[in-house]
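Dear colleague,

Please find below the structure that I am handing over to you.

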Amino acid sequence: MRTLVLLALAGLGAQLVDGSLGMAYGVTSTTLLLSMGTNPAAASATVHLAEIGTTLMSGASHWRFGNVDWKVVAKIGVPGAVGAFLGATVLSGLSTGTAEPVMSLILLGLGLYVLSRFTFRGLPKGNLGKPLRKRFLSPLGLVAGFLDATGGGGWGPVGTPALLAGGRMEPRKVIGSIDTSEFLVAVAASLGFLFSLGSQGLNWGWVAAFLLGGMVAAPVAAWLVRLLPARVLGSAVGGVIVATNVRTLLRSEWVGASGVVSGVVYGLVCVVWASALTYSIRAHRREKALERDAGDAGERRAVAV
């Protein structure tokens, strides 16, 4: 029961982050399950089965708050579903000894991307309103869907920054559209795992715990997306993912690092993470100060006129 409660709380926290950032539910939840010794394919299957419910609730919530562009959802979600089904089939065919470090490497790469992306660049705001073309969205969806299934997460970390980088959509609509289209990815990945594995290794109590926590958090996250500092939250989540998967890799058969080496490397990772988080907080405060100064200057000009 204690495990189920902790998993439900983890699902709640992961969905709060995912619904606010457009990423990190899968990578956060899968990282937790791997650290508990779960088979990689079963971990990804568990998370994707739970995501069927959480993404449906999240999409409905984002739609209600006007955060969804349905054209983008269709253009990226369908190829994403194809990629997710293929990724689930590939992961199911790998042995546990091979799959665990492979998945940790993918998660580590995604975590580094999230950490660096939000720490150093924040959210771009240029090109707002320009259309997104299918020839860009379809390949993006295919790759993101494949990585999402093989890594237990990746739809958001790949799709959200790619759409944000173009600056053609409002951040809230990027996040809402990515979260909504993820429902198609979750369904396709779950079918791929069930066809390849059956119910082997699945703990339906864990699926229910993640689902319950995520569904409770989804409406709150859709509302919070306009309030939370995404830059700081992205750095924090990216650091968690990096630190956890570095620890997994150091303990794997591929590396087999000694306790002393593991401690030194892990300590360095934590120092880098803390530095990145500090930088993000300061950068966020500078941005807010500049916005206030610009607003004050505008008011003074209006009064002078």
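Predicted model: local features only at pLDDT ≥ 70, side-chain atom pairs only at ≥ 80, totals over all residues.

Overall architecture

The protein contains eleven helices and zero strands, and its elements, read from the N terminus, run α-α-α-α-α-α-α-α-α-α-α. The protein has 305 residues, of which 48% count as buried. Its accessible surface comes to about 14000 Å², and 67% of that surface belongs to carbon and sulfur atoms.

The nonpolar cores

In soluble globular proteins, nonpolar side chains tend to be buried together. In this model, the largest nonpolar core has 23 residues. The members that touch the most other members are Val72, Ile76, Trp155, Leu163, Ile178 and Phe193. Five helices each supply at least two residues of this core: α3 (40-64), α4 (70-92), α6 (134-151), α7 (155-166) and α8 (171-197). Another core, of seven residues, lies apart from it; Leu108, Ala243, Val246 and Leu249 are among its members.

A polar atom of its side chain lies 2.7 Å from the backbone oxygen of glycine 176. Beyond residues up to four places away in sequence, threonine 180 touches Gly59, His62, Val68, Trp70 and Val73.

Serine 190 is also placed in helix α8. Serine 190 is buried, its relative accessible area being 3%. Here the backbone oxygen of alanine 186 lies 2.8 Å from a polar atom of the serine 190 side chain. Leaving out residues up to four places away in sequence, serine 190 touches His48, Leu49 and Ile52.

Phenylalanine 183 is found in helix α8 as well. With 25% relative accessibility, phenylalanine 183 counts as partly exposed. Its contacts, apart from neighbours within four places in sequence, are with Ile52, Thr55 and Leu56. The C-alpha atoms of phenylalanine 183 and glycine 53 are separated by 8.1 Å, although the two residues are 130 residues apart along the chain.

Which residue lies 8.2 Å from glutamate 182, C-alpha to C-alpha? The residue is glutamate 51, which is 131 residues apart from glutamate 182 in sequence. Glutamate 51 has its place in helix α3. Is glutamate 51 buried or exposed? Glutamate 51 is buried, with a relative accessible area of 1%.

Aromatic pairs

The structure holds two aromatic pairs. One is formed by phenylalanine 85 and phenylalanine 195 and is edge-to-face, with 6.2 Å centre to centre and 70° between the planes. Because phenylalanine 85 lies in helix α4 and phenylalanine 195 in helix α8, this pair ties together parts that are 110 residues apart in sequence. Phenylalanine 85 is partly exposed, with a relative accessible area of 32%, whereas phenylalanine 195 is exposed, at 63%.

The other pair joins phenylalanine 120 and tyrosine 279; their ring centres are 5.7 Å apart and their planes stand at 50°, so the pair is tilted. Phenylalanine 120 lies in helix α5 (residues 96-120) and tyrosine 279 in helix α11 (residues 259-304), so this pair ties together parts that are 159 residues apart in sequence. Phenylalanine 120 is exposed, with a relative accessible area of 56%, while tyrosine 279 counts as partly exposed at 37% relative accessibility.

With kind regards

Key
Residues numbered from 1 in each chain as written. Heavy atoms only, no water. Core = buried A, V, L, I, M, F, W, Y, C linked by side-chain atoms within 4.5 Å. Buried < 20%, exposed > 50% of the residue type's maximum accessible area, 1.4 Å probe, protein only. Helix = DSSP H or I, 4+ residues; strand = E, 2+ residues; numbered from the N terminus. Polar contact = N/O pair within 3.5 Å; in protein donor to acceptor, adjacent residues only side chain to side chain. Contact = heavy atoms within 4.5 Å. Areas by Shrake-Rupley, 256 points an atom, 1.4 Å probe, with all protein chains shown as cover. Phe/Tyr/Trp six-rings, centres within 6.5 Å; stacked < 30°, edge-to-face > 60°.
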